[in-house]
Amino acid sequence: MDHLTVDINSVIANAIKVMENSKYQIFEICETARAELETLEQELEGVIEETVRTIGKVDQLEREYRLARIRLTEVSRDFVRFKEEDIKSAYEKATGIQLDLMVYREKENYLKARRDDLQKRVRNVERSIERAEVISSQMNVVLEYLSGDLNQVTRILESAKTRQLLGLKIILAQEEERKRIAREIHDGPAQSLANIVLRTEIAERMLMKQDFELVQEELVDLKGQVRSGLEEIRKIIFNLRPMALDDLGLVPTLRKFTQDFEEKSRVHTVFELSGKELRLPSAMEAAIFRLVQEAFSNVLKHANASYVVLEISYKKDNITLSILDNGTGFVVGNVEQLTNRNGHFGLVGMRERVELIEGRMDIDSKPGQGTKIVIDIPMTSEGRKETETNESDIV
């Protein structure tokens with residue numbers, strides 16, 4: 001048995017090494033593809049602009065050619081008013097415009113073909129990046145399993161299929177969250193910073209030309225972009241962990257969260273508090289905030305509700321959360337069955353979080369009658385001790 005364990009450990013170690021190397025190779029492929037995508041997008045933007053200018057030039061030349069032909073017809077018919085030189089001049093002008101028109105039409109056709117080709121290449125590169133990200137995400141999931149000790153892997157292999165599926169989906173959800181954050185940073189602050197560098201170079205060139213008025217205008221725009229980028233970064237930080245949670249506590253953070261939720265979703269939101277507000281251990285406050293965040297996300301995604309109510313009640317030995325909505329509701333059954341239908345996977349994550357803090361979650365829902373989720377979280381002696389310490393620090 002020990003010999004078998006050593007062999008399995010060796011196989012797993014080799015598999016991890018190969019997959020780690022492959023993961024970094026996929027990352028390099030993604031970075032190369034992103035650089036190629038950026039180059040293609042810049043070239044496509046230039047081609048589109050040139051195509052627009054060329055189409056405008058073709059339209060202009062067509063108008064000029066029509067007028068030149070009308071002029072040629074007029075001078076050719078009236079030999080009394082116009083001399084041979086006038087006829088020759090009108091003919092040469094019409095011919096010159098016609099040649100220019102032919103050249104620009106050919107250029108227009110070439111640019112349109114080039115534009116279509118670049119658009120196709122951009123789509124292909126985007127699909128390649130997406131496939132590489134999916135493969136990388138799947139490899140991370142496998143590495144999460146293989147990186148644990150052999151006993152953990154054995155326990156997973158021996159556990160029920162539903163338990164395996166639950167663990168796998170939780171890891172997949174974590175990977176999706178990491179990918180979402182990476183995409184937010186790439187599409188938001190990263191793009192903003194790249195644009196700021198470009199605008200700074202433009203301002204630098206204007207400064208060398210001593211065009212101070214344009215430099216001032218550019219700096220004003222630049223300041224606005226920096227503020228916008230800072231706001232994007234703050235949003236990402238808030239989604240990761242609201243700073244107000246540490247500074248102000250759970251209740252003010254939840255109150256702001258519900259207000260922001262109502263503004264963004266247009267779902268009427270009510271926040272109600274009962275009992276004496278107390279500071280909780282940092283980990284518990286973070287867990288409660290994530291529970292509320294997940295519950296509201298489920299309301300927005302699945303419930304089709306017009307209002308949602310969040311009640312938080314502080315009691316002597318426990319805290320009670322209640323999230324009530326007037327949405328479509330569902331038949332409350334086995335949570336795993338709901339998970340398999342991919343309709344309420346958020347409930348699984350919520351139940352897992354509640355179990356981690358030794359709480360209890362009850363769901364009351366019927367089709368067409370909305371949903372009510374009640375979560376009871378016990379206040380441990382350690383939690384009360386930290387709470388008392390925090391209160392004395394505040395005083």
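This is a predicted model: local features need pLDDT of at least 70, side-chain atom pairs count only at pLDDT 80 or more; totals for chains, interfaces and linings use all residues.
Which helices each supply at least two residues of the negative patch? They are helix 1, spanning 2–77, and helix 2.

Take E126 as an example. This residue sits in helix 2. Its relative accessible area is 37%, so E126 is partly exposed. A patch residue must have over 30% relative accessible area and no salt bridge.

Positive charge gathers on the surface too. K120, R123, R127 and R131 make up a positive patch. K120 belongs to helix 2, which covers residues 84–146. Its relative accessibility is 48%, so K120 is classed as partly exposed.

Next come the paired charges. Side chains of opposite charge can pair when their charged atoms come close. Across the whole structure, a search finds eleven salt bridges.

Two of the pairs lie in helix 1. In one, the side chains of E31 and R34 form a salt bridge, with an N to O distance of 3.0 Å. The two residues are three apart in helix 1, which means about one helical turn separates E31 from R34. E31 has a relative accessible area of 36% and is partly exposed. R34 is also partly exposed, at 25% relative accessibility.

The other helix 1 pair is R53 with E50. Their closest N and O atoms are 2.5 Å apart. Again the spacing is three residues in helix 1, so R53 and E50 are separated by about one helical turn. E50 is partly exposed, with a relative accessible area of 22%.

Some charges join in a network. Salt bridges link E43, R114 and D117.

A further salt bridge connects D362 and R360. Here the closest N and O atoms are 3.4 Å apart. How exposed are the partners? D362 counts as partly exposed, at 34% relative accessibility. R360 reaches 55% and counts as exposed; the cut-off for exposed is over 50%.

The phi of E358 is positive, about 60°, although E358 is not a glycine. At 60% relative accessibility, E358 is exposed.

Where does N304 lie? It is found in the loop between helix 8 (282–303) and strand 2 (307–314). N304 is a residue other than glycine, yet its phi is positive, near 55°. With a relative accessible area of 67%, N304 is exposed.

Finally, turn to a residue under cover. Is T320 buried or exposed? Its relative accessibility is 12%, so T320 counts as buried; buried means under 20%. T320 is placed in strand 3, residues 318–325. Its side chain makes polar contacts with two partners. One is the side chain of N318, at 3.3 Å. The other is the side chain of D376, at 2.7 Å.

Methods: Residues are numbered from 1 along each chain as its sequence is written. Side-chain values use heavy atoms; hydrogens and water are left out. Patches are made of residues with over 30% relative accessible area and no salt bridge: like charges are joined within 9 Å, nonpolar side chains (Val, Leu, Ile, Met, Phe, Trp, Tyr) within 5 Å. Accessible areas come from the Shrake-Rupley method with a 1.4 Å probe; for residues, only the protein chains shown count as cover. A salt bridge is a side-chain nitrogen of Lys or Arg within 4 Å of a carboxyl oxygen of Asp or Glu. Lys and Arg count as positive and Asp and Glu as negative; His and the chain ends are not counted. The place of a charge is taken as NZ of Lys, CZ of Arg, CG of Asp or CD of Glu. Helices (H or I, at least four residues) and strands (E, at least two) are DSSP runs, numbered from the N terminus. Buried means under 20% relative accessible area, exposed over 50%, partly exposed in between (1.4 Å probe, protein chains only). A polar contact is a pair of N or O atoms within 3.5 Å; within protein, one must be able to donate a hydrogen and the other to accept it, and residues adjacent in sequence count only if both atoms are side-chain atoms.
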